[in-house]
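Please read it alongside the sequence and the coordinates.

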Amino acid sequence: METNNANVNEDNTKIQKSPSGLSIIWRELVRDKLALVSLIFLIVITVFVYGVALILDQDEIVRVDLFSIHEPPGEEFILGTDYGGRDIFGQLIIGTRNSLSIGILVTLMTGVIGIVFGLVAGYFGGNIDNIMMRITDFFMILPFLMIVIVFVAIVPSYSVLTFSLIMTAFLWMGKARLIRSKALQEKELDYVQASKTLGSSNFKIMFTQVLPNISSLIIVTMTLNLANNIGLESGLSFLGFGFPESTPSLGTLLSYARNPQTLEYRWWIWVPASVLILLLMLAIRNVGEALKRATDARQRRG
Amino acid sequence: MSEKLLEVKNLKTSFRIKDDYYAAVDDVSLSVNKNEVLAIVGESGCGKSALAFSIMGLHNRAKIEGNIMFKNQDIANISPAKLNKLRGNNMGMIFQDPLTALNPLMEIGDQIGEALLLHNKDLSKEKRKDKVIQLLTKVGIPRPEHVYEQFPHELSGGMRQRVVIATAIANEPELLIADEPTTALDVTIQSQILDLIKELKDDMDAGIIMITHDLGVVAEMADRVAVMYAGQIVEVSDVYTLFESPLHPYTRSLFNSVPNTAEAQSKLHVIQGIVPSLQKLPREGCRFSARIPWVEESAHEEHPELHEVSPGHFVRCTCYKHFNFPDSSKEEQQHGIS
């Protein structure tokens with residue numbers, strides 16, 4: 001009976017297509033309520049922060065106002081002011097935007113460099129692989145923190161872009177190694193050889209065949225990396241090696257807490273930024289974990 | 001005699017193992033004509049696939065010496081760009097395992113279309129799709145319009161092998177190399193696939209190199225047979241001569257190892273030992289001598305060469321003149337094979 005029905009259905013209706021990648025991810029997100037809430041939170045925060053930052057005037061916010069130093073939250077300043085009389089709420093918005101921008105920029109740039117480097121090294125192998133991996137090793141042994149400190153001292157004024165470039169220069173190696181190891185595995189598969197027998201060039205095989213087959217790994221690591229990069233930027237700014245106070249970021253807001261007085265009595269300066277960093281990183285992680293499960297059929301919940 | 005399509009002369013493919021090069025394909029010469037199936041048989045590890053990969057130029061880091069003349073053009077030392085023009089267009093390859101030979105993330109239509117696109121940039125999208133569906137129909141896939149949009153994991157093994165074949169023949173190549181095309185398939189599908197390859201051969205007037213270790217496939221498909229052992233060809237002949245009067249001890253052992261329904265055998269013949277690994281391969285003397293120890297040393301040639309025993313029938317080494325299968329009971333006593 002059942003087979004009969006199936007046959008009839010096959011003839012009458014269009015045969016069901018297997019779920020696409022996006023619908024699998026969506027199913028996974030719907031199953032995992034925490035990840036769904038996290039994703040909504042991320043979208044809302046991102047849209048809100050980038051939207052409001054368009055209206056806000058950064059120069060206005062970072063201008064020192066001696067008449068309103070250390071004001072607690074109130075009607076004029078929703079989240080109070082810092083020791084320069086600057087509006088914390090405005091700094092929080094612009095700071096979140098800057099931190100997010102850096103996180104996304106660094107993730108994308110390290111991703112591109114890592115993918116190109118790792119794919120080329122892994123796909124060609126041999127001496128090319130050897131040379132490229134030694135270059136990677138060289139970058140890995142460089143003391144990241146020290147060089148960033150030197151950079152900050154040398155470069156007179158840096159923007160979101162230049163700061164991202166500095167961070168990118170020292171953060172692409174992990175991805176390159178990861179993608180190389182995957183590419184090494186992937187290039188041995190018959191479909192790569194089969195594609196060669198069709199007359200495809202190496203670069204075409206690399207970027208249109210091997211790359212899509214390791215894309216799930218790349219998407220997951222890049223998502224989880226985004227959280228790391230935001231945390232890293234905040235850490236550097238907290239230590240004073242990130243942005244100056246004229247360019248607020250979540251890290252610069254945190255760094256006010258280095259003052260014991262602020263830490264103890266003026267919670268409104270550093271608590272919102274800390275909570276926001278925590279929530280952002282947790283939310284990105286949750287989404288990343290859901291993506292990770294979606295890419296592996298054995299772990300899927302949906 | 002019809003036109004020579006591919007002529008391999010003294011091909012030597014060596015792989016590097018710990019700073020030394022070891023030849024996996026050693027001094028192989030063979031030729032394929034148009035509309036002819038040349039079968040290459042041999043045990044696992046005797047260099048069949050290495051030979052096929054050498055012809056297609058798929059070895060990444062191997063030293064390839066000798067000539068591979070494809071339509072009077074030496075493709076052994078050709079630039080990658082020129083080789084890419086030939087591959088897929090004039091030469092196609094069917095792979096052993098259809099499970100891995102297809103890109104899991106590409107729709108079937110795109111995979112076959114890629115072969116068309118690479119060699120014919122002017123073909124419009126609609127025409128390409130028509131051509132792909134035509135190809136799918138040709139290789140006997142039901143509902144090609146539907147399969148066009150499916151992914152490899154949605155198809156069965158036999159269907160996938162058909163897709164692999166469709167990809168290989170997309171541009172109607174003159175030379176088709178089939179590397180054990182039926183090993184991964186079950187018996188009923190095997191015969192269908194073999195019939196399909198035969199049909200395509202007649203359609204396209206193509207030369208086919210069929211690599212297999214299945215003597216049944218050889219009998220079914222081949223016009224000529226080359227028997228390979230340890231990187232060398234030990235016997236070449238047309239298929240009828242070979243099946244009627246195999247000469248080389250290795251060929252005879254192979255035939256003897258196949259179950260025979262006509263005669264009742266209590267035990268199957270087993271060729272002693274295994275194919276030696278690349279590094280341990282004896283480079284001098286008869287390479288098969290180690291596996292037929294009861295044949296006297298003097299029976300082998302010092303430098304075994306292919307001798308023409310009858311027109312078109314070549315045998316390596318002289319040991320075939322002195323070779324006899326040992327008495328099976330004695331063999332068991334001596335070597336403990338049961």
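1. Helix 6 of chain B covers residues 157-168 and has twelve residues. Its first and last C-alpha atoms are 17 Å apart, close to the 16 Å expected at 1.5 Å a residue, the expected span being 1.5 Å times one less than the number of residues. Helices (H or I, at least four residues) and strands (E, at least two) are DSSP runs numbered from the N terminus.

2. This is a predicted model, in which local features need pLDDT of at least 70, side-chain atom pairs count only at pLDDT 80 or more, and totals for chains, interfaces and linings use all residues. Residues are numbered from 1 along each chain as its sequence is written, while chains are lettered from A and ligands numbered from 1 in the order in which they are written.

3. Is helix 6 of chain B largely enclosed or exposed, and why? Eleven of its twelve residues are buried, so helix 6 is largely enclosed by the rest of the structure. A residue is buried if 20 or more other C-beta atoms, placed from the backbone, lie within 10 Å of its own. Among the buried residues are G158(B), R160(B), R162(B) and I165(B).

4. The buried residues of helix 6 pack against strand 6 (91-94), helix 3 (108-119), helix 4 (125-138), strand 7 (175-179) and helix 7 (187-204) of chain B. Contact requires C-beta atoms, placed from the backbone, within 7 Å.

5. Chain B as a whole comprises eleven helices and twelve strands. Its radius of gyration is 21 Å, close to the 20 Å that the globule rule gives for 338 residues, so chain B is as compact as a globular protein of that length. The radius is taken over C-alpha atoms, and the rule is 2.2 Å times the number of residues to the power 0.38. Buried residues make up 42% of chain B.

Definitions and conventions. Two residues are in contact if their C-beta atoms, placed from the backbone, lie within 7 Å.
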